[in-house]
Amino acid sequence: MEITIHPQVKRKIISDEAIGMSFLIATEIMFFAGLISAYIVNKAGVSWPPAGQPRLPVEITAINTFILLSSAFTIYSFKKKYAEGKGKSLLVVTLLIGLAFVAIQGIEWIKLLEFGLTTTSSLYGAFFYTLIGAHGFHVIVGLIILLYLLFSVNKKLPDEKSLGRIAACSMYWYFVVGIWPVLYILVYLS
């Protein structure tokens, strides 16, 4: 009697891409935690923002915050629709929302520079551009990642490799979107 053993196909619970992205995001959280703690320590016990420095545009940035937060919904919707074999246009919408966020931030920075807020004008300016600039850099990296995702996912039916990429790339985007309200509250509203 011959026994045939069929190897079982093992599906990973978490893709390699998602595990790798988890480690990257953990380091990014530590990076932002360091910047945020330095900001909190340096503004403690002093008049903040310093006299003579322009005030940050709270209202337009609140709208921009809503714009960025809406991109979390579009990438989530893309992920769900892609599993059904459609929805790539939602990824394009996410990219456009991210571009709009960066453009509005860029306009804000130009106006603040014109008003005299620079990295050398005060500690306030230095922290503003460091914290918000670090986030802006991460948004731009996120846009590059989403662009990569747009051109790399299987154009036909979803496969495991594409689903792993989508999971990893959306994790990064969720991080970029999720850290922004913390920075907005800390830098703009406190």
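The largest share of the lining of the largest pocket, five residues, comes from helix α5, where helices (H or I, at least four residues) are DSSP runs numbered from the N terminus. The model is a predicted one, in which local features need pLDDT of at least 70 and side-chain atom pairs count only at pLDDT 80 or more, whereas totals for chains, interfaces and linings use all residues. Residues are numbered from 1 along each chain as its sequence is written, and side-chain values use heavy atoms, with hydrogens and water left out.

A pocket is defined on a 1 Å grid over the protein atoms alone, as an open set of points where a 1.4 Å probe fits, with protein on both sides within 12 Å along at least five of seven lines; lining residues have an atom within 4 Å of a point. The largest pocket holds about 260 Å³ of space, a volume being the space filled by probe spheres set on the points. Of the 13 residues that line the largest pocket, K12, I14, S15, E160 and G164 are the closest to its centre, and the elements that give two or more residues to this lining are α1 and α5. By class, the lining of the largest pocket comprises five nonpolar, two polar and six charged residues, where Ala, Val, Leu, Ile, Met, Phe, Trp, Tyr, Cys and Pro count as nonpolar, Asp, Glu, Lys and Arg as charged, and the others, Gly among them, as polar.

In the second largest pocket lies about 150 Å³ of space, and residues including F101, W109, H135, F137 and W180 line it. The elements that give two or more residues to the lining of the second largest pocket are α3 (88–114) and α4, with α4 giving the most, six residues.

The contact of α4 with α5 has 21 nonpolar, four polar and one charged residues.

Elsewhere, a cis peptide bond with omega of about -5° joins W48 and P49, and P49 lies in the loop between α1 (16–43) and α2 (58–83).
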